[in-house]
Amino acid sequence: MSRRQIQKRSFWVSFILALSSGASHANDAENSKVCAPLLDDLFAPRIAQEIEMQFQKAWAKVGAKDGERLAADLIRRYSEPHRAYHSLAHIRDCLQKVDAYLAADPKLAKFRPDLVIAFLFHDAIYESSARVPAIDNERESANLFLRHAAGMKPEVVVNVEKLI
């Protein structure tokens, strides 16, 4: 990272933190709506790296191959400019909720790889509803998963497809 990029990042972090910390409680929700997307954009490379690492670990754990290339493709898909909600930040939030849920019931931890994979694929295909004819994003995302599911245990394939 260049010195200029570091200065620019430092400025935005300081600016966002000043906005959010100087707010009264009445304005916290509004500031959060403004600051969260800016922080997500600022830290997008870090978010992508974390998600990519989690995906590759889950993908390998279920016995699948070619996780690096597929992870990069999924990260690219969730980084497409037309995605306002179904983005890397959305995936990060979903995975955090998965971890909180699994922490409450450790017996379910064995399903984490299935859940990580399902969340990464659940909107891998995302076309707006303005397209005619409209496509079923979830079905197409499940089909994308199935094209890459070679080598997985059949029960994992069934679980993940249902979750998508």
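The points below cover the fold, the nonpolar core and the salt bridges of this predicted model.

1. Basis. The model is predicted, so local features need pLDDT of at least 70 and side-chain atom pairs count only at pLDDT 80 or more, while totals for chains, interfaces and linings use all residues. Residues are numbered from 1 along each chain as its sequence is written, and side-chain values use heavy atoms, with hydrogens and water left out.

2. Fold. The chain has eight helices and zero strands, giving the pattern α-α-α-α-α-α-α-α along the sequence. Helices here are DSSP runs (H or I, at least four residues) and strands likewise (E, at least two), numbered from the N terminus.

3. Burial and surface. Of the 164 residues, 34% count as buried. Buried means under 20% relative accessible area, exposed over 50%, and partly exposed in between (1.4 Å probe, protein chains only).

4. Contacts. Taking contacts (heavy atoms within 4.5 Å) between residues at least 6 apart in sequence, 56% join residues at least 24 apart.

5. Core. The largest nonpolar core holds 32 residues, and Phe55, Trp59, Ile117, Phe121, Phe145 and Met152 touch the most other members. Two or more residues each come from α3 (44-61), α4 (67-78), α5 (88-104), α6 (112-121), α7 (137-148) and α8 (154-163). The most come from α3, which gives six. Such a core is a set of buried Ala, Val, Leu, Ile, Met, Phe, Trp, Tyr and Cys residues joined through side-chain atoms within 4.5 Å.

6. Ile117. Leaving aside residues up to four places away in sequence, Ile117 touches Phe55, Ala58, Trp59, Val62, Phe145, Met152 and Val160.

7. The whole structure contains eight salt bridges, each a side-chain nitrogen of Lys or Arg within 4 Å of a carboxyl oxygen of Asp or Glu. Glu50 and Arg46 form one at 3.7 Å, N to O; both lie in α3, four residues apart, about one turn of the helix. Glu50 is partly exposed at 34%, and Arg46 is exposed at 54%. Arg69 pairs with Asp66 at 2.2 Å, N to O; Arg69 is exposed at 57% and Asp66 partly exposed at 43%.

8. A buried pair. Asp73 and Arg77 meet at 2.9 Å, N to O. Both lie in α4, four residues apart, and both are buried. They belong to a network of salt bridges that links Asp73, Arg76, Arg77 and Glu80.
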